Amino acid sequence: MKVEFDYTVETKKGFDEAVSAVEAKSKEKGFGVLHTHDVKATLASKGFDREPLKIIEICNPKYATEVLNKDIKIALMLPCPISVYVQNGKTYISALRPRVIADFYPEAGIESIAEEVDRFILSIVNESR
């Protein structure tokens, strides 16, 4: 069964409220918020305009350590990104599915860890909407 690369939901919350909800739910579930990239502001500073977009990088040290011990190259897919963006007047929350990381590194044997983190990420997204 093919797993989607992302999990995206529409939210009735405003953009800033959705960003705050993702940050709060991440912390509540044991994931630190490492950084929130304001992509709109960064692009605006270079002369490019776009609708609001923030990328929230989250990480759980226990899971990160476990997967990095299996294969250091998994660092290329860490930390877990969750995006909040506005498109056509609607606000969305979108996350990379951690389950797919196991497909990129089949020899690492991280399937069970990836499944567990995937459940956390989906719950963060769903509870933030």
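Colleague: What is the strand order in the open sheet, and is the pairing parallel or antiparallel?

Modeller: In this predicted model, the 5 strands of the open sheet follow the order S1-S5-S4-S3-S2, and their pairing is antiparallel.

Colleague: What makes a strand an edge strand here, and which strands are they?

Modeller: Strand S1 (6-11) and strand S2 (32-38) are the edge strands, since each of them pairs on one side only. From one strand to the next, the twist averages 20°.

Colleague: Which strands does helix H1 touch?

Modeller: Helix H1 (residues 15-28) packs on the sheet and touches S1, S2, S3, strand S4 (80-87) and strand S5 (90-96), while its direction makes about 5° with that of S3.

Colleague: Why are H3 and H5 called roughly antiparallel?

Modeller: Helix H3 (residues 61-70) and helix H5 (residues 111-128) pack at an angle of about 150°, with their axes 11 Å apart; angles over 145 degrees count as roughly antiparallel, and therefore H3 and H5 are described in that way. Their crossing is left-handed.

Colleague: Which residues of H3 and H5 meet?

Modeller: From H3, Tyr63, Glu66, Val67 and Lys70 meet Ile113, Glu116, Val117 and Phe120 of H5. By class, this contact of H3 with H5 has 5 nonpolar and 3 charged residues, but no polar ones.

Key
Residues are numbered from 1 along each chain as its sequence is written. This is a predicted model: local features need pLDDT of at least 70, side-chain atom pairs count only at pLDDT 80 or more; totals for chains, interfaces and linings use all residues. Side-chain values use heavy atoms; hydrogens and water are left out. Two strands pair if DSSP finds at least two bridges between them. Helices (H or I, at least four residues) and strands (E, at least two) are DSSP runs, numbered from the N terminus. Axes are lines fitted to C-alpha atoms, for helices over the stretch in contact, and angles run from 0 to 180 degrees between N-to-C directions. Contact means heavy atoms within 4.5 Å. Angles under 35 degrees count as roughly parallel, over 145 as roughly antiparallel, 65 to 115 as roughly perpendicular and the rest as oblique. A crossing is left-handed if the near helix is turned anticlockwise from the far one by less than a right angle, and right-handed if clockwise. Ala, Val, Leu, Ile, Met, Phe, Trp, Tyr, Cys and Pro count as nonpolar, Asp, Glu, Lys and Arg as charged, and the others, Gly among them, as polar.
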